[in-house]
Amino acid sequence: MHKITMLGTGLIGLFYTMTLNKRRGGDRVHVVYSPTEKHVQSFAQDWGIPKWTTNMAEAINDPETDVVVVGLPNFVHKEAVIMAAEAGKAVLCTKPLGRNAAEAKAMLDAVEKAGVFHGYLEDLVYTPKMLKSLQFVKNGALGRILWVRSRETHGGPHGAWFWDPQLAGGGAIVDMGCHCIEIARNFIGKDNRPVEVMCWADTLVHPIESEDHGIGLIRFESGAVGQFEVSWAFRGGMDLRDEVAGTEGTIWVDHFLRTGFEVFTAAGRKGYVSEKAEGETGWLFPVGDEVHELGYPHMFDDMLNALDSNQEPMETFYDGYVVNAIMDACYRSAQSKRWEPVELEVWRGKPQPVEKKAPVEYEGQYIVIKEEHMPDGKTKLLLKDKATNRIIEKVVSK
Ligand SMILES: NC(=O)c1ccc[n+]([C@@H]2O[C@H](COP(=O)([O-])OP(=O)(O)OC[C@H]3O[C@@H](n4cnc5c(N)ncnc54)[C@H](O)[C@@H]3O)[C@@H](O)[C@H]2O)c1
C-alpha cells in the first residue's frame with residue numbers, strides 16, 4: 001500500500017487520481033499539489049485527499065508519502081523529478097519525459113544517482129488491446145515485425161502551455177508522437193536500436209509557432225520501420241489507432257473512436273462522451289470505461305507491483321529518454337528534410353540477430369517468391385532463377 005504525492009490537478013492529474021482513488025486497492029493519493037490554491041483545494045475535496053498544498057517542495061517532501069507522481073506541464077518535469085529523487089522517493093513521470101533528450105537524460109541520471117525507483121507513465125502501451133497485441137507479437141504469431149504504424153490525432157490540446165514550444169518542447173510531435181514512438185518500440189523490440197528518422201512537420205491550421213501536424217519514419221537496426229502520424233487539427237474526436245505488420249501476421253487496433261459503441265442523439269449529448277469528443281448531436285462515439293481503455297489501471301498496477309517486488313516496470317525513465325532522443329532527431333529531420341541519426345549517448349539494448357526464413361526451393365533451379373491463387377482457379381508460382389536472378393511465372397494447377 002502506497003501513499004502518493006500527486007503533482008498536478010489538470011487533465012492527467014485527474015485521470016491518475018480517478019484511477020488510483022476509485023479502486024478497491026489500498027494505494028491512495030495522500031497529498032496533492034498545484035500552484036493554484038482554488039484548484040488544488042477543490043480537487044482535494046472532490047477526491048477525498050487528506051492534504052493539499054501550493055508548495056511543490058512541501059508536497060514532494062511530505063513525510064507520509066513514498067511515491068511521487070509527476071503530472072505537471074512538460075517544462076516542470078525536470079525540476080519535479082530531481083526534487084523527488086533527492087527526497088529519496090519513487091518517481092513516476094508522465095509523458096514526454098523531457099522537452100528534449102538532454103532534459104530526459106538529466107532526469108534519468110538524477111534517479112539513477114539517487115538509486116530510486118522510476119517509471120515512465122506511457123499509458124498507451126498499457127491499454128488492454130495493446131497488452132493483448134504485445135502477447136501475440138511476443139509469442140511469435142506475427143513472425144518478424146516489419147512495420148508498425150501508430151496514429152494519434154485530435155483537435156488540439158486543452159491547456160495554454162501545450163501551444164507554446166518553449167514550454168512544451170515542441171508541438172504535436174512532442175505531445176503525441178511520444179505515445180506512437182513508444183508503441184512502435186514495444187512492438188519492434190526495445191533491444192532493436194532506433195538508427196535514423198525521416199520526418200515531416202508543418203503548421204497547417206492553428207496560429208501557432210509549433211507544428212500542428214507531423215509524420216515520421218523511424219528505421220530500426222533490424223530494418224523494421226516505425227511510422228507515426230499526429231495532428232492537432234483532426235475533426236471528429238480523438239483517433240487512436242495502431243497497425244502491426246509482420247512476416248506471418250497483422251494486427252489492427254482501434255482504441256477509441258470507432259470501437260463498436262455508437263450513439264445517435266437528436267436531443268444532445270447530455271453529459272460527457274469521451275476525451276476530445278466533438279459535437280452535441282448526431283452520431284457520437286462514447287468510450288465505456290475511459291481510464292481503462294486508455295491504459296491507466298494496468299499502468300499503475302505494473303508500476304506499483306514492480307516497486308513492491310523490487311523489479312523494473314515495463315516502462316522506465318530510460319525508455320522516456322530514448323523516445324525523447326528519437327523526437328529530437330525528428331525535429332532535426334523536419335528542418336533538414338533528410339534522414340537524421342538518432343543520437344543516443346547511452347544505448348542499453350542488446351544486439352538481436354535478424355531471423356530470416358530459409359528460402360523455399362522449387363525444382364532445384366528456382367526460389368519461390370510467392371504463390372498466387374487466380375480468379376479462374378489456377379495457381380501461379382512466381383519464381384526466381386537462382387543462376388540468373390530472372391523472375392518467371394509458372395502455372396502449377398488448373
Ligand atoms: N495520456 C497521457 O499520458 C497524458 C494525457 C494528458 C497530459 N499528459 C501529460 O501530463 C502533463 C500535464 O498535462 P495536463 O493535460 O494535465 O495539463 P493541464 O494544463 O490540464 O494541467 C497542468 C497542471 O499543472 C499545474 N501547473 C501549471 N503551471 C505550472 C507551473 N508553472 N508549475 C507547477 N505546476 C503548474 C496546473 O495548475 C495544473 O494542475 C504534461 O506533461 C502532459 O504531456 C499525459
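Select Asp 254 and its surroundings: leaving aside neighbours within four places in sequence, Asp 254 is in contact with Arg 241 and Thr 259, where contact requires C-beta atoms, placed from the backbone, within 7 Å. Asp 254 belongs to strand E12 (residues 250-254); helices (H or I, at least four residues) and strands (E, at least two) are DSSP runs, numbered from the N terminus. Because 15 C-beta neighbours lie inside 10 Å, Asp 254 counts as partly exposed. On this scale a residue is buried if 20 or more other C-beta atoms lie within 10 Å of its own, exposed if 12 or fewer, and partly exposed in between, with C-beta atoms placed from the backbone.

Residues are numbered from 1 along each chain as its sequence is written. The model is predicted: local features need pLDDT of at least 70, side-chain atom pairs count only at pLDDT 80 or more, and totals for chains, interfaces and linings use all residues.

**Asp 27**

Next, select Asp 27, in the loop between H1 and strand E2 (28-33). With 19 C-beta neighbours inside 10 Å, Asp 27 is classed as partly exposed. Residues up to four places away in sequence aside, Asp 27 touches Met 1, His 2, Ile 4, Leu 20 and Leu 304. The C-alpha atom of Asp 27 is separated by 27 Å from that of Gly 98, 71 residues apart from Asp 27 along the chain.

**The ligand shell**

Centre the view on the ligand. The ligand is surrounded by 20 residues, and the closest are Gly 10, Leu 11, Ile 12, Ser 34 and Gly 159; a residue is included if its C-beta atom, placed from the backbone, lies within 6 Å of the molecule. Helix H1 (residues 11-21) gives the most to this shell, with three residues. Colouring the shell by class gives seven nonpolar, 11 polar and two charged residues. Here Ala, Val, Leu, Ile, Met, Phe, Trp, Tyr, Cys and Pro count as nonpolar, Asp, Glu, Lys and Arg as charged, and the others, Gly among them, as polar.

Now select helix H4 (residues 77-86). Seven of its 10 residues are buried, so H4 is largely enclosed by the rest of the structure. The buried residues are His 77, Lys 78, Ala 80, Val 81, Met 83, Ala 84 and Ala 85.

How are H4 and H5 oriented to each other? The two helices pack at an angle of about 5°, with their axes 9 Å apart; axes are lines fitted to C-alpha atoms, for helices over the stretch in contact, and angles run from 0 to 180 degrees between N-to-C directions. H4 and H5 are therefore roughly parallel, a label for angles under 35 degrees, as against over 145 for roughly antiparallel, 65 to 115 for roughly perpendicular and the rest for oblique. To display their contact, select His 77, Lys 78, Val 81, Ile 82, Ala 85 and Glu 86 in H4, which meet Glu 103, Ala 106, Met 107, Ala 110, Val 111 and Ala 114 in H5. By class, this contact of H4 with H5 has eight nonpolar, one polar and three charged residues.

**Backbone details**

Just after H4, inspect Gly 88, where phi is positive at about 75°. Move on to the loop between E5 and H5, which holds Pro 96; a cis peptide bond joins Lys 95 and Pro 96, with omega of about -20°.

Asn 310 has a positive phi near 60° and lies in the loop between helix H10 (296-308) and helix H11 (317-336). With 7 C-beta neighbours inside 10 Å, Asn 310 counts as exposed. Lys 337 likewise has a positive phi near 60°, in the loop between H11 and strand E15 (340-341). With 10 C-beta neighbours inside 10 Å, Lys 337 counts as exposed.

**The domains**

Finally, colour by domain: domain 1 (3-122), domain 2 (125-341) and domain 3 (361-397), with bounds from an automatic or database domain assignment. The C-alpha centres of domain 1 and domain 2 lie 22 Å apart. Their contact takes 32 residues from domain 1 and 31 residues from domain 2. On the side of domain 1 that touches domain 2, the elements giving two or more residues are H1, E5, H5 and strand E6 (118-121). By class, that side has 19 nonpolar, seven polar and six charged residues.

Key: Contact = placed C-beta atoms within 7 Å.
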